[in-house]
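Please have the sequence and the model open while reading.

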Amino acid sequence: MTAPVIALQEKFRALRLAETAKELPALLRKAENESWTYHEFVHELVSYELTCREEKTKERFMKWADFPFLKTLDEYNLDEQDALGERSFKQLRELNWIEECYTLILMGPPGVGKTHLSVGLGIEAVQRGYQVAFISMAELVYVLKTREYTNKSKTRYKRMMSSDLIIIDDVMYLTIDSAEANLFFQFIYQLYDHAAFILTSNKGPNEWGKFLGDDTLTTAILDRLLHRSQIISYTDTDSLRMKHRKTLFPEINHQT
């Protein structure tokens, strides 16, 4: 490598263009072999740096999202559920509802694919450049209660507040007290009109009041969440976990 190229690499690093600095010798060789114009060379240089930065941002967003598992929408089997048709599924996949700050409520019994769909949509959103946060209802309540006292909760809270899409799993799975319900309301209030939500629950919104313990607060929460919303209801779908469960002794599986 020649001294001028090394000097250029140092200048790129000083400008915080580390990826371009590393790739510079290869780009110069390609430019020479393909007889690029100055314009073409600069275009390739800038495009390479932008692509690297976009990939790094996606990697960071995937880490911050904290998905419980990685299952994409390509792995979601429409034939094993009754909640979505192909047309609706494609419309969800377009992600226009994120820009419009919609709330998707995935409602149905355990094991029918609610969390898989929410994670798949979340991964798709990250790949399109959106910041996503996945959290269970129980974890969310803990973060809201401890964000003033623990750095981990404070960091997670800040990331949620800057996210474009918040996925809350197992909403109203357990009863929460009035103080916790108020914290949840404040969380929804602050993000209303600033982020989209996906909520998974085995209870319909009309039952949430029993778990929040305050009808007025429940009304205020639902007023914001349901203002722009779509309820996706899994009614006749059997548990996919039970359908595809694994056993140690397949030969006696018919007995269970």
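**Salt bridges**

Glu 55 and Lys 58 form a salt bridge, with their closest N and O atoms 3.8 Å apart; the term means a side-chain nitrogen of Lys or Arg within 4 Å of a carboxyl oxygen of Asp or Glu. The model is predicted, so local features need pLDDT of at least 70 and side-chain atom pairs count only at pLDDT 80 or more, while totals for chains, interfaces and linings use all residues. Residues are numbered from 1 along each chain as its sequence is written, and side-chain values use heavy atoms, leaving out hydrogens and water. The count by this rule is 14 salt bridges.

- Glu 55 and Lys 58 both sit in helix H3 (residues 38-65), three residues apart, about one turn of the helix; helices are DSSP runs (H or I, at least four residues), numbered from the N terminus.
- Glu 55 counts as partly exposed because its relative accessibility is 39% (buried is under 20% relative accessible area, exposed over 50%, partly exposed in between; 1.4 Å probe, protein chains only).

Between distant parts
- Asp 66 pairs with Arg 156 in a salt bridge, the closest N and O atoms being 3.0 Å apart.
- This pair links the loop between H3 and H4, which holds Asp 66, to helix H8 (residues 151-161), which holds Arg 156, 90 residues apart.

Between helices H9 and H7
- Glu 180 forms a salt bridge with Lys 145, with the closest N and O atoms at 2.9 Å.
- Glu 180 is in helix H9 (residues 178-191) and Lys 145 in helix H7 (residues 137-146), so the pair ties together parts 35 residues apart in sequence.
- Glu 180 is buried at 13% relative accessibility.

Definitions and conventions. Helix = DSSP H or I, 4+ residues; strand = E, 2+ residues; numbered from the N terminus.
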